[in-house]
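Here's a quick tour of a two-chain model, written for someone who likes the cut-offs spelled out. Have a look at the coordinates first.

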Number of protein chains: 2
Amino acid sequence: MADPSTSPSLSRAGVQAARERIRPYVHHTPTLTNATLTALASSPTPPASSDAQSKTAETVSSAETEARAEVGRTNGGAANAPKAPVMRLYFKCENMQRIGAFKARGAFHALGRLMDQPGWLEGGGREKGVVTHSSGNHAQALSLAARQHGIPAHIVMPTISPPPKIAATKGYGANVVFSGSTSTEREAETARVMKETGATLIPPYDHPDIILGQGTLGLELQEDAAALIAAEEEATAGEAPAFFDYRAPAKGLDVILAPCGGGGMLSGVALSCEGTGIKVFGCEPSHQGADDAKRGYESGTRVEAVKSLTIADGLRTPLGNYPWQVIYERRLVSGFFSVDERQIRDAMRLVYERMKMVIEPSGAVPLAVALYNDEFRNLVAAEAGEEGWDVGIVFSGGNVELEALGKLFAPE
Amino acid sequence: MADPSTSPSLSRAGVQAARERIRPYVHHTPTLTNATLTALASSPTPPASSDAQSKTAETVSSAETEARAEVGRTNGGAANAPKAPVMRLYFKCENMQRIGAFKARGAFHALGRLMDQPGWLEGGGREKGVVTHSSGNHAQALSLAARQHGIPAHIVMPTISPPPKIAATKGYGANVVFSGSTSTEREAETARVMKETGATLIPPYDHPDIILGQGTLGLELQEDAAALIAAEEEATAGEAPAFFDYRAPAKGLDVILAPCGGGGMLSGVALSCEGTGIKVFGCEPSHQGADDAKRGYESGTRVEAVKSLTIADGLRTPLGNYPWQVIYERRLVSGFFSVDERQIRDAMRLVYERMKMVIEPSGAVPLAVALYNDEFRNLVAAEAGEEGWDVGIVFSGGNVELEALGKLFAPE
C-alpha cells in the first residue's frame, strides 16, 4: 500500500481527486427512484413480507401505496397519517458496479496510488505484485484492478470459502492461496506470501486510499440525486397550488444512509459530504453484536473485535482505525442505526419484488433502517416534518449466491 | 371485451393509438445495455453457468469479455473469432413495468377500449365488472387496471394456485374465485361468474385490444434503442480510423427477440415493427412441446393444445387465433427459435449475476436464444457479418417466487 502520509487529504477535495484517478476504470453507477418503496417508507407502518400473513398485507398495501405514490412528491403520505415520516428515496446502485460492488473503487484507487509511489515500480513492485486476505468483494476488486494494470495479485482465502467465490476470484486471474479460517491463520499466511514474493499488502478498508476511493460513490449520488430532485421540482412546479406557490430551489439530498462494516465506504461517503450540509448515518446489523460501530460511537471507544454471523456478511468486521477518525473523532457521521436479521431480509425481499434488483444482504441494511428503524423514522418525522427529507440509500453490492436465496427467503 | 370489429386496426398505427390510450397508466420502462452480456453473445461459445465447472469457465470468460467489451462496439468479438456472430444487445425491461410484467399494457388498453364501447357503461358495465381466468401476470394486470378505473374484477384461479399469487391478486382488490385446475373446469367457472354477475370477459391474449396494448413496448424499445445506438455512434465517431471513416447514420435495431406463449405480445411487437425493416423472431421453450408456435409456423397449421411444464411458466399456452393471423398468415414474424430448460436457467443466472436484475424464467428465453441457439447465431453470423446486428431482447417480466429460486438454481 502507498504510504498513507502521501495520500490525498481525507477531505471532500481528496475524494474529488480520487474520482479523477479512477474515472477510466469504474462505472458511474445509476441512481434510481422507486415510487412504491418511497411510498412504503412514508407509510405509518411499512409492511414486512417475511411470512404469508404479512405478505398479504404487503401486496395490499403496496398496491395502495403505488396509487398514493402517484399523487406526487409534495403530498407523500403526510395527509392522512400525521405521524408517518416523509421520505423520498434515491438508490445508489453499486450492485451494478464492476465486480458487483463498490469495492472496485477503493481497489483501483489504492493500486493507482501505489503505482505512482516513487520507487515502487522501479523496485520491481509490478513484478512482485499485491496481496490481500479476503473471501469477499475486496478479493475480486483487487484481482480485477491488478489484472487491468498487469500486476499479479495473491489472495489469501480460508480453505472453507464457498467454491463459487474461489472460482470468481481465480476468474479475475488472481493467485488464490489458502489458509486456515481464523484471523491469526490468515494473517500469518499473508505475511508468508509477502515475505516470499515481496508483494505489497492492500488492506480492505483501513487505509486513506481505500477510504477516498470508496467515497467517490458519494459524489455521484449527490450529483445524480440533485438532478433528479430538480427535474421533479420542475415537473410539478406547474401543478403547485396558487396559494403558497413559492418553492425554494432544489437543494439536493438531506441525508445519506450507508452500510458500515469496516467503515471504509461510510467514512469515504462522509468525507464526500463534508461541508455540503448532508447528514450521513451508518447502518448496521444488530445481530450478535455486529453493531460495533454504533456501540463504539455512542460510548466513545472503538470496538476492536466482532464475532457475528449476521446474514449481512459484508458487515461482520469491526470498524477500522482510519475510518474511526473520520466517523467519530471528526464527527463526520451523525450517528448509527441498526436493524435485525428479519428486517434485513424484508427490505431485501422488497427490493427483489418491487424494484426487480438483485442486492446482497449487506446492501439491504440502509433501506431496512429507512423502513423499519423507529429511531430513524421518528427523527425524520420530527426534523423534516411534512416537507420530508430526500434520502440517499446506498445499495452497496449485489453479489449473492443464487443457491442461497431460497434458503434466505424460506418461510420460518 | 370490446367488439373486435371496433378495435383499432392491427397495424403499426393501431399500436400507436393504443400507446396514446394507455400512456397515463403504464410505465415507459427502461431499455438497458450490458457490456458483459453483449460480449458474451458475441463470443464463439458463450459460457453456461449451471454447474461448478462451467461456473469457473463463466467467470473466467466473463472477466475476459468484460475487458473485451470495453474495446468498443465496432471491434466486438469478430477479430480473433471469425465464426462468432456479432451482436449488440438492448434489453427492454418490462420486469420493471407495473405489476412486474408487460401484461399491464394489454389490460389497461382492453379495459379502456371496453369503457369507451357505446352502451357498455350505460348498460351497467362498470357495476357488473370484468372477469378472467388466470393464475399469472394477466390476473394481476387486470385487477390493477380494473381497480384504477373503479371496476370490480373477478379472477378465476385454480384452487391449487400458489398462495402468494392468490394474495397478490387479492392485494390489487380483485374478487378471487376458485375452480378446478383443468381448462374445462376453469372455463365452466368463468361462465358461471359471467352469468351470475354479468361481468365482461377479458381474455389474456387472444383479442386485438390485448395485442395492440402489448405491442406498445415495441415502439418504446425501437425509440430508446435507436437513441442509444445514435449516442454510441457519436461517442465513437471521433475514434474511427482515418481509413474507412465513412459511417452510415444510425439505423436503429436490426432484430427483436420476444418470448411467445399465447402470442399476444409477440404479435403486438411484430405489428409495432411493421414497415420498419426490423425483423421480429419468436422465442420458446422446447420442453415437452412448448415450442408449439414454432411447430405451427413451420408446418403451416396452428397447434391448438400444449401440455408442458416448462419452467418458463408464462409460455405454456398455445398460440391464439388472432396472434396466429398476425404472426403466420401475414408473416409479420420472421421465424421461431427454441431453447431447452438448462439454457433458460443459464441465461437467467447470467442476468442475475451480471446485470443484477430479477427476471422470471419466461423473460430469459430470448436472451437464451441469443446466447445458445446455434441456428439463430449462425443466421446472425451469415447475414450480419462483421458489422453485426443490434438486437432488442424483451425481458417480459420479473415475477418469480424468491422461495423457488434456490430450487431453480440448485446444482443438478
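## Ground rules

This is a predicted model, so to speak with limits: local features need pLDDT of at least 70, side-chain atom pairs count only at pLDDT 80 or more, and totals for chains, interfaces and linings use all residues. Residues are numbered from 1 along each chain as its sequence is written, chains are lettered from A and ligands numbered from 1 in the order in which they are written, and side-chain values use heavy atoms, with hydrogens and water left out.

## The sheet in chain B

Chain B has an open sheet of 4 strands, ordered 5-4-3-6, with parallel pairing. Strands here are DSSP runs of E with at least two residues, helices are runs of H or I with at least four, and both are numbered from the N terminus. Two strands pair if DSSP finds at least two bridges between them.

At the edges sit strand 5 (175–179) and strand 6 (200–201) of chain B, each pairing on one side only. Strand 4 (residues 153–158) of chain B runs parallel to strand 5 of chain B over 5 bridges. Look for B:Val156, whose bridge partner in strand 5 of chain B is B:Val177.

## Two helix pairs

Two packed helices are described by the angle between their axes and the distance between the axes. The axes are lines fitted to C-alpha atoms, for helices over the stretch in contact, and angles run from 0 to 180 degrees between N-to-C directions.

In chain A, the axes of helix 1 (residues 12–22) and helix 9 (residues 208–237) come within 8 Å and cross at roughly 95 degrees. That makes helix 1 of chain A roughly perpendicular to helix 9 of chain A (the label covers 65 to 115 degrees). By class, their contact has 5 nonpolar, 6 polar and 4 charged residues.

In chain B, helix 13 (residues 341–355) and helix 14 (residues 361–372) pack at about 100 degrees with axes 7 Å apart. They are therefore roughly perpendicular too. This contact has 12 nonpolar, 1 polar and 1 charged residues. Ala, Val, Leu, Ile, Met, Phe, Trp, Tyr, Cys and Pro count as nonpolar, Asp, Glu, Lys and Arg as charged, and the others, Gly among them, as polar.

## A buried asparagine

A:Asn137 is in helix 6 (residues 137–148) of chain A. At 12% relative accessibility, A:Asn137 counts as buried (under 20% relative accessible area, 1.4 Å probe, protein chains only).

Conventions:
Angles under 35 degrees count as roughly parallel, over 145 as roughly antiparallel, 65 to 115 as roughly perpendicular and the rest as oblique. Buried means under 20% relative accessible area, exposed over 50%, partly exposed in between (1.4 Å probe, protein chains only).
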